[in-house]
Amino acid sequence: MGAAEDTKARSVLAALTLLSLLSHMDGIDQGPQGPRSGPDSFGRHRRHKRGWIWKQMFVSEEDPTPRVIGQLKSDYDRGEFAIRYILSGEGAGDTFAIDEYSGKIRTLKKLDREEKAFYVLQAQAINRLSGEPEEPQSEFIIKVQDINDNAPQFLNQPYAASIPEMCPVGTTVVQVTATDADDPMFGNNAKLIYSILQGEPYFSVEPKTGIIVTSWPDMDREAKEQYLVVVQVKDMLGMSGGYSASATVSVSLSDINDNGPIFQHHLYTFAIPEDAAVGTTVGRVKAYDADIGVNAKMNYSLLADLEENATFSVHTDPLTQEGVILLAKLLDYETKRRYVMVAEAINEDVDPRFLPPGEFSDRTTLKILVEDVDEPPVFLSPVYEWKVAENAAAGIVVGVVSARDTDAANNTVRYSFEKHSDTAKAFKIDPLNGTISIAKPLDRELSAWHNLTIVAKETSSKRLSSRVLASIKVLDINDNAPQLAGPYRPYICEGTQAGELIQLLSAIDPDEPSEGHHFYFSMVPGKQINPNFTIRDNQDNTAGIVARRSTFSRRERSNYLLPVVVTDSGSPALSSTGTLTVSVCGCGPAGHCPSGGVEALALSMGVSPRTLLVLLVCLLLAAASSVPTLLLWRRRRAQKAARKKASELELPDTVSQKVLYYAQVGQPIRDPVVPLRSHPRRRERRLAREEVRASIRMSLRESRLVGPEDDVFRQFILDRVEEADGDPYAPPLDCLTAYAYEGSGSSAGSLSSVDSCASERPSPVPGAPWARLSPWFGEGQEDTIF
């Protein structure tokens, strides 16, 4: 039972005792004789006198021997056993029992105070003769006295704590707490005291509170990071005969920034080739810091008072805390071969309580050596750009490229165009001095820019090379005459009045003058003035064709030819003449000419457009009516051809044995005719073949009705083919059989030997191609047995 429950039990016991005493005092009557209660002379009930006599009852816990612990007795008990005592309440009958004659109470079993500290019971005194209570029922308490039968126990063990290193003496580490189930109000059973078993002299513990504190100054995490402290607790204030328990406390020292970075070497040497790219890692340096975490974080820098810091840079690797030296500028072995600089490492967080500020940094020297590399030639300019007029003559110099070998050897350089660079072969380059000149006339309208890739190659054994781009812009000259912008098809309506605009014209010119295009439109000079049309120049690179008269008529004239001259503003000015055909049209209300083509055709034929339209409709109707007749004629023709083929394939009942022989087309048959080997079962199979012929004739008749797409017809063909494939003595007529009985829609096609003359298919007879069988070349009297 805990301390809180024990305190509560004591409070309840005190309250019940007080109530019992008050009830006893209120129940006392005026004398031992007479009735215990009843109305007084005024008719009021008198208070009862309590005659119970008992002392406070106690019982020791863990006592296995049943024993009398007290007695209940009424003051009216004269020892004549006239009163019967009855006990009820907590534990009555199983834990406690009462002698009904004497009122003595005894224990029945061993008690445990930690399970129950007190018991509340009720007692009654009953007159055996009358059965009436001699005393009113009253409560009393039996308290269980504590013995030291429980050992103290630590809560929440094992314990773990952390304190900063270098902390002062007396710094609180952690508080350990132990509890004892015994009664803290009874003796020293639950009085605890703490002591250190392991961990001295670094730590100590306050005996009564269990607070562990440091007792050693300047504990350094870098020297020892973990400590194990063992704390012991004893009850009975540590006297002999008590119980004890122990707990372990793991104490770790947390880091503080009490150490600065230190380089392991005073000089670091690195080497890097001179052709290394910017950003290449030169090397890594590291300063070691005994601290950990944020206290060990540091930044690296190159001191700014040295000129080499512009060629190299340094940054801190956040994972490894290393200083990474990077190349910041391109190197040149021939210019400078060695760099010396100072690198510094400094902590990010500086704590002046433990170290002076100067102790939080360290420096080292870096020496970087540049390695010589055989480099390709270097052009004096990264890109070249020139301009040349498109009428420049061949041999004119456009420009010069120059490259040199920057190595100490200074090898000679030769120049050339890269393959597939100058595909037009418009330029040439001098391999010795890099002079680029025109090889053939240029045309800006074909190619306004020429991009040349020039290769400079050393004459050494390695033949290193480099490339540069040269762009040549071809300047424009006025060498193209302007043209009309499109194939104009102007038309004029019959009702057009003089001065109306017929067509708006524009022009194009492949040249590109710097001031922009300006075109002039006019009639052909030197000719008679056109009485029908004129050209009106709008001075904005457009011009309009304007009618000079009215009363245009299609019957009078359907087309007019109008030459138009277009001149540009170049120097010298160029011009071209385009002839336009102006058609006369019977326009609709909106001014459109939707039927100009039909009307022109009608006028050229000398008939009206309406008459021509009627003739076209009649021709279309006649063509449509003739289509069904043509289809019916073709169908009848196909059916007639099918019946003719079927009649040719009818086989007589008696046939003579013939030899089928394959020979090269155009060559005479040299070998004598040899009859086919007779079938060993020919006599037995003759009847079956007769049935096959009958089936063929019937199928031919049915095929004219159902056609080759019928399922019955297809099954018949499949059966015949399977029978022929399984007969090793049948002549090679299976393809012919399929072709003969599939009708005109046969899918066998050229597979049949009828059409296989001189075909390219492989022959079953070695050395001989396919050839037609002689019975099928007009010798109708011959029979063939299927």
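This is a predicted model: local features need pLDDT of at least 70, side-chain atom pairs count only at pLDDT 80 or more; totals for chains, interfaces and linings use all residues.
**View 1. Arg 221 and Glu 225 form a salt bridge.** Among the 15 salt bridges that the structure holds, this one has its closest N and O atoms 3.9 Å apart, a separation that counts because the cut-off for such a pair is set at within 4 Å. Arg 221 is buried, with a relative accessible area of 7%, whereas Glu 225 is partly exposed at 36% relative accessibility.

**View 2. Arg 284 and Glu 322 meet through their side chains in a salt bridge.** The N to O distance in this pair is 2.8 Å. Arg 284 belongs to strand β21, which covers residues 281-285, while Glu 322 sits in the loop between β24 (312-316) and β25 (323-327), so the pair ties together parts that are 38 residues apart in sequence. With a relative accessibility of 40%, Arg 284 is classed as partly exposed.

**View 3. Glu 445 and Arg 444 are joined by a salt bridge between their side chains.** Here the N to O distance is 3.1 Å. Arg 444 counts as buried at 9% relative accessibility, because the buried class is taken as under 20% relative accessible area, whereas Glu 445, at 24%, counts as partly exposed.

**View 4. Arg 221, Glu 222, Glu 225 and Asp 255 belong to one network.** The four residues are joined by salt bridges that share partners, and the pair of Arg 221 and Glu 225, with its 3.9 Å separation between the closest N and O atoms, is the salt bridge presented in the opening view.

Technical notes: Residues are numbered from 1 along each chain as its sequence is written. Side-chain values use heavy atoms; hydrogens and water are left out. Buried means under 20% relative accessible area, exposed over 50%, partly exposed in between (1.4 Å probe, protein chains only). Helices (H or I, at least four residues) and strands (E, at least two) are DSSP runs, numbered from the N terminus.
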